[in-house]
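Open the model in your viewer and keep the selection tool at hand.

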Amino acid sequence: MASRSLGGLGGSRGGGGGVKKSLSARNAAVERRNLITVCRFSVKTLIDRSCFETIDDSSPEFNNFAAILEQILSHRLKGQVTWFGYGSPRSFWDYIRVACRKVSQNCICSIENMEHVSSSRAKGRAWIRVALMEKHLSEYISTALRDFKTTRRFYEDGAIVLGEEANMLAGMLLGLNAIDFSFCLKGERLDGNLPAVIDYIPYLRFTQSSDSISSDEEELRTLGSSDSESSTPEKAGPPVIMDENSWFNKCKRVKQKYQLTLEQKGYLEELLQLRENQLSESVAQNKILLQRIEDSDLAHKLEKEQLEYIIVELQDQLKSYQSLDQLSAEVSLSQTSLDPGQSQEGDGKQDTLNLISEGKEDTPSLLGLCGSLTSVASYKSLTSLKSNDYLASPTTEMTSPGLTPS
């Protein structure tokens with residue numbers, strides 16, 4: 001009996017451990033689901049409020065959203081272990097600083113260099129505001145969640161960023177890119193000593209605002225749905241009854257929004273017309289430049305052809321000079337084979353050739369003339385002149401004493 005009682009006691013203890021684990025798992029799941037649902041409601045209230053006023057640090061909707069997002073990013077965050085084995089608390093900014101480095105044109109370095117923001121929690125709150133003003137909060141969260149290795153290193157099992165709820169978080173934050181935020185990064189709201197507290201009262205009984213332009217039932221059905229314990233829009237509260245003044249105010253706001261959209265449309269049309277005119281001018285200038293390029297190419301081709309023709313002509317004239325030098329050399333050789341009495345005739349011929357060679361000028365007209373002399377048949381036959389009949393000098397005949405004028 002004692003063994004049985006001890007066994008029963010041990011079984012009850014084992015069963016108690018299992019119940020404790022299941023209870024802990026249930027509490028963690030409920031906590032994750034509550035934070036995600038409240039975050040969805042806060043995003044909805046921010047979008048509705050942005051239709052009527054600018055969202056800044058004084059807006060209670062934003063303060064609640066910032067507290068919710070801080071709680072989500074701090075859910076089951078691991079502590080930092082020191083050299084002595086003690087774990088020190090850690091802020092979600094330590095995780096964001098490492099996981100969001102891959103975001104293009106990120107604000108991590110600018111926040112790290114802020115002088116009036118010293119604590120890690122204050123830097124994280126400043127990052128939320130800067131990311132909202134830059135309209136990149138969803139991009140930061142998506143990039144951080146994709147770095148699963150870093151996320152696993154900073155968070156424990158059961159954290160929101162490690163569960164299936166993390167996929168819905170980035171999608172919910174995407175709607176905040178349509179809101180223009182305006183924050184002051186030097187106020188007391190960035191104090192890292194005070195913890196973030198969530199106000200659940202606005203979300204205990206969620207009803208659609210009478211001034212909202214958005215659809216009512218469909219958004220309530222989407223926002224009120226959850227995984228297991230979901231409440232329908234009918235259970236959220238009684239139907240909204242709007243009086244004549246509410247309808248009038250709503251129509252007035254819709255009219256103002258329509259006027260603003262119409263003005264933006266006119267501005268965009270003028271901008272489009274200006275861009276079209278600039279495009280047409282650019283096309284015309286491009287055609288003019290292409291025509292100038294074609295004309296310059298044609299002029300270069302003509303100049304190249306003229307230079308080639310001049311080169312060929314100069315080569316022909318050079319050949320004629322070479323043939324003339326060869327002819328003078330042959331004449332000098334023929335003079336050596338003549339009689340001594342004919343030396344005067346050879347001297348006269350040599351003088352004639354010297355006069356021709358000395359009288360040459362390096363001008364195109366003379367070069368052409370010298371080139372034309374090579375084509376005369378009688379000039380080519382000078383190489384065959386070896387008798388006294390063809391080489392008789394007029395000066396010798398005139399000065400001979402045996403000759404008398406007839």
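Contact here means heavy atoms within 4.5 Å. The model is a predicted one.

**Stop 1: Trp 127.** Select Trp 127 and ignore its neighbours within four places in sequence. Which residues is Trp 127 in contact with? They are Leu 73, Phe 92, Trp 93, Ile 96, Cys 107, Ile 108, Ile 111, Leu 137, Tyr 140 and Ile 141.

**Stop 2: the core.** Now widen the view to the largest nonpolar core, which has 60 residues. Trp 127 is among those with the most contacts inside it, along with Phe 65, Leu 132, Leu 137, Tyr 155 and Leu 176. Colour α1 (2-50), α2 (60-73), α3 (92-99), α4 (108-112), α5, α6 and α8: each supplies at least two residues of this core. α2 gives the most, with 8 residues.

**Stop 3: α5 and α6.** On the α5 side, show Trp 127, Ala 131, Leu 132 and Glu 134; they meet Leu 137, Tyr 140 and Ile 141 in α6. By class, this contact has 6 nonpolar, no polar and 1 charged residues.

**Stop 4: α6 and α8.** The crossing is left-handed. Show Leu 137, Ser 138, Ile 141, Ser 142 and Leu 145 in α6 against Ala 166, Leu 169, Ala 170 and Leu 173 in α8. This contact has 7 nonpolar, 2 polar and no charged residues.

Conventions. Residues numbered from 1 in each chain as written. Predicted model: local features only at pLDDT ≥ 70, side-chain atom pairs only at ≥ 80, totals over all residues. Heavy atoms only, no water. Left-handed = near helix turned anticlockwise from the far one by under 90°. Helix = DSSP H or I, 4+ residues; strand = E, 2+ residues; numbered from the N terminus. Nonpolar A, V, L, I, M, F, W, Y, C, P; charged D, E, K, R; others polar. Core = buried A, V, L, I, M, F, W, Y, C linked by side-chain atoms within 4.5 Å. Buried < 20%, exposed > 50% of the residue type's maximum accessible area, 1.4 Å probe, protein only.
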